[in-house]
Amino acid sequence: MKIIKKVDKMKTYAKIMKKENKLIGFIPTMGYLHEGHLSLMRTARKQTDTVITSIFVNPLQFGPDEDFKKYPRNIKKDEELARQCGVDVMFYPENEDMYPEGFATYINVEGLTEGLCGKSRAGHFRGVTTVVMKLFEIVKPDIAYFGQKDAQQAFVIKKMIEDLRMDITMKIMPIAREESGLAMSSRNAYLTKPEKKEAGILFTSLKLAEESVNSGEKDPKKIIKKMRDSISASSASAKIDYISIVDTKSLKEVRDISGEVLIALAVFIGKTRLIDNIIINTEKSEEGYKNVGTPKERNTVQGRA
Ligand code: AMP
């Protein structure tokens, strides 16, 4: 596995791959890799010729009071894990090379970025789309892999690709979870043992919502109340940022559950803000729509070719 640190070198490498007609698969990450990231890399390995992953903790997507400085980093371990997944190149750029002095150009997707996490994290998605656009321009991927874990982010990037008519296929991969159901996340490293246990309630509440929908409940308010109650009842330290049920196309809140909806939440467990979600397609609900998976269930995947 090659390690490339310079933007120019990465561009040259990508150009050579293009010339050789290699299909480039790309997985952008902020590192501190876990099974969620690795599942994306393994899929890219199967589907493309050249697999490139980037590790870049992007300052632009963190608010002033957020965890940019303390975001967990372990580049040596990341190298090892990526190598084991058959990644060809780990692109590990420096801040100054990504954002040279005087940098003043931003990408902003309107509409989809306003609700959900956009409400409590002002400027976050602008930071995400700007860095992803830059990375796309450097790495020139044919297929880019993202996780449903960050569902709003994935939908926003999809919109950017469509609006700008970029020649990139985007694949949104299912959420990798701990046995407890807790969605894997680099930020889980902040949780104490008891907090980690408590955090299982996020997925439990999403399953509760899924059950309600499957048994015919159409009122999002009732479902959200059930979820709130279950979270408060089983975790004293949980502070709900939001729970929303939105249409997967507009990301606007729905008045009743029909078609495909995203049930998304952000909850603080102690000081750590965790997000999770589930996509429910009511048309498929009779056979029990399988959107999520614990490691055992995970192979029933949408988006995997
Ligand atoms: P991050 O390093 O958190 O920016 O994530 C990099 C990519 O991995 C994003 O596309 C995430 O959505 C994806 N990802 C993170 N956690 C998971 C997970 N538990 N399951 C699947 N994909 C994930």
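A polar contact, as I use the term here, is a pair of N or O atoms within 3.5 Å; within protein, one atom must be able to donate a hydrogen and the other to accept it, and residues adjacent in sequence count only if both atoms are side-chain atoms. The structure before you is a predicted model, in which local features need pLDDT of at least 70 and side-chain atom pairs count only at pLDDT 80 or more, whereas totals for chains, interfaces and linings use all residues. Residues are numbered from 1 along each chain as its sequence is written, and side-chain values use heavy atoms, with hydrogens and water left out.

Let me begin with threonine 129, which lies in helix 6; helices (H or I, at least four residues) and strands (E, at least two) are DSSP runs, numbered from the N terminus. A polar atom of the threonine 129 side chain lies 2.8 Å from the backbone oxygen of phenylalanine 125. Is threonine 129 buried or exposed? Its relative accessible area is 1%, so threonine 129 is buried; buried means under 20% relative accessible area, exposed over 50%, and partly exposed in between, with a 1.4 Å probe and protein chains only. Apart from neighbours within four places in sequence, threonine 129 is in contact (heavy atoms within 4.5 Å) with Ile107, Asn108, Val109, Val156 and Met160.

Two of those partners, Val156 and Met160, take us to helix 7. Helix 7 covers residues 151-163, and its 13 residues reach 18 Å from the first C-alpha to the last, close to the 18 Å expected at 1.5 Å a residue. The expected span of a helix is 1.5 Å times one less than its number of residues. Among the buried residues of helix 7 are Ala151, Phe155, Val156, Ile157, Met160 and Ile161. Those buried residues pack against helix 5 (117-120), helix 6 (124-139), strand 5, strand 6, strand 8 (260-269) and strand 9 (272-281). After helix 7 comes arginine 165, with a positive phi near 50°.

I turn now to the ligand. Which residues are closest to the ligand? Of the 17 residues that surround it, the closest are Met30, His37, Asp150, Ala176 and Met184; a residue is near a molecule or strand if one of its heavy atoms lies within 4 Å of it. An oxygen atom of the ligand is 2.8 Å from a polar backbone atom of methionine 30. For histidine 37, an N or O atom of the side chain is 2.8 Å from an oxygen atom of the ligand. A nitrogen atom of the ligand lies 2.8 Å from a backbone N or O atom of methionine 184. On its own the ligand has 480 Å² of accessible area, and the protein covers 94% of that; accessible areas come from the Shrake-Rupley method with a 1.4 Å probe, and for residues only the protein chains shown count as cover.

Strand 2, helix 2 and strand 5 each supply at least two residues of the shell around the ligand. The largest share, three residues, comes from helix 2. His37 is one of the buried residues of helix 2, as are Gly36, Leu38 and Met41. The cover over those buried residues includes strand 2 (24-29), strand 3 (50-55), helix 3 (75-84), strand 5 (143-147) and strand 6 (169-173).

Next, aspartate 97, which is found in helix 4 (residues 95-98). Aspartate 97 is partly exposed, with a relative accessible area of 28%. Not counting residues up to four places away in sequence, aspartate 97 touches Lys5, Lys6 and Val7. Its side chain reaches the backbone nitrogen of valine 7 at 2.9 Å.

Leucine 274, in strand 9, is buried at a relative accessible area of 4%. Beyond its neighbours within four places in sequence, its contacts include Leu182, Leu191, Leu202, Leu265 and Ile269.

Leucine 116, in the loop between helix 4 and helix 5, has a positive phi of about 45° although it is not a glycine. Leucine 251, in the loop between strand 7 (238-247) and strand 8, likewise is not a glycine and has a positive phi of about 60°. Leucine 116 is buried, at 8% relative accessible area, and leucine 251 is buried, at 8%.

Finally, the cysteines. How many disulfides does the structure hold? It holds zero, a disulfide being a pair of cysteine sulfur atoms within 2.5 Å. Cysteine 85 is buried, with a relative accessible area of 8%, and cysteine 117 counts as buried at 8%.
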